[in-house]
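Dear colleague,

I am handing over the structure below, and after it I set out what was found there. Please read the notes with the model open beside them.

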Amino acid sequence: MNFQLDFIEDKVEFFDATDLLVLEKKIEAKIEENKAILLGVHSVSHQMYVTEKGQTFYTAVVHFKRKK
């Protein structure tokens with residue numbers, strides 16, 4: 001019986017929220033989850049968008065890479 005482990009090398013996740021603190025909490029929770037599978041944050045990109053009605057939306061893309 002052969003048993004082979006394949007590790008996740010890269011993972012990109014997208015987040016959105018209408019409040020910056022909520023977005024930060026979502027990202028922090030995912031960072032903790034990904035630590036369990038040996039992934040660390042490689043880069044973070046974020047943007048803010050304001051609608052015509054004045055509502056703000058925050059988005060972020062987090063790139064996780066395997067810790068070596």
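**Salt bridges and the helix**

At a relative accessible area of 40%, Lys 35 counts as partly exposed, a class that lies between buried (under 20%) and exposed (over 50%), with a 1.4 Å probe and protein chains only. Before going further, please note that this is a predicted model, in which local features need pLDDT of at least 70 and side-chain atom pairs count only at pLDDT 80 or more, while totals for chains, interfaces and linings use all residues. Residues are numbered from 1 along each chain as its sequence is written, and side-chain values use heavy atoms, with hydrogens and water left out.

Lys 35 forms a salt bridge with Glu 32, the closest N and O atoms being 3.2 Å apart; the term stands for a side-chain nitrogen of Lys or Arg within 4 Å of a carboxyl oxygen of Asp or Glu. Because Lys 35 and Glu 32 are three residues apart in helix α1, about one helical turn separates them. Helices (H or I, at least four residues) and strands (E, at least two) are DSSP runs, numbered from the N terminus.

A search of the whole structure finds six salt bridges. One of them joins the side chains of Glu 9 and Arg 66, at 2.8 Å from N to O, and this pair links distant parts of the chain, with Glu 9 in the segment before β1 and Arg 66 in strand β3, 57 residues apart. Glu 9 is partly exposed, at 38% relative accessible area, and Arg 66 is also partly exposed, at 29%. Asp 10 forms a salt bridge with Lys 65, where the closest N and O atoms are 3.6 Å apart; here too distant parts of the chain are linked, Asp 10 being in strand β1 and Lys 65 in strand β3, 55 residues apart. Asp 10 has a relative accessible area of 41% and is partly exposed, and Lys 65, at 33%, is likewise partly exposed.

**Strands**

Strand β1 (residues 10-17) pairs with strand β3 (residues 56-66) in the antiparallel sense over eight bridges, where pairing requires that DSSP finds at least two bridges between two strands. Within this pairing, Asp 10 stands opposite Lys 65 in β3. Strand β2 (residues 39-50) and β3 are also antiparallel, paired over 11 bridges, and the bridge partner of Leu 39 in β3 is Arg 66. β2 and β3 form a hairpin with five residues between them, and Gly 54 in the turn has a positive phi of about 90°.

Which residues make up the largest nonpolar core? The nine are Phe 15, Ala 17, Leu 23, Ile 27, Leu 39, Tyr 58, Ala 60, Val 62 and Phe 64, a core being a set of buried Ala, Val, Leu, Ile, Met, Phe, Trp, Tyr and Cys residues joined through side-chain atoms within 4.5 Å. Two or more residues come from each of β1, α1 (20-35) and β3, and β3 gives the largest share, four residues.

Leaving aside residues up to four places away in sequence, Phe 64 touches a set of residues including Glu 13, Lys 30, Asn 34 and Leu 39, with contact taken as heavy atoms within 4.5 Å. Asn 34 is in helix α1 and is buried, at 2% relative accessibility. Glu 13 lies in strand β1 and is buried as well, at 12% relative accessible area.

**Surface patch**

Phe 3, Leu 5, Phe 7 and Leu 38 form a nonpolar patch on the surface, with about 490 Å² of accessible area together. Such a patch is made of residues with over 30% relative accessible area and no salt bridge, with nonpolar side chains (Val, Leu, Ile, Met, Phe, Trp, Tyr) joined within 5 Å and, for charged patches, like charges joined within 9 Å; the areas come from the Shrake-Rupley method with a 1.4 Å probe, and for residues only the protein chains shown count as cover. Leu 5 lies in the segment before β1 and is exposed, at 58%. Leu 38 lies in the loop between α1 and β2, is partly exposed at 45% relative accessibility, and has a phi near 65°, a positive value in a residue other than glycine.

With best regards
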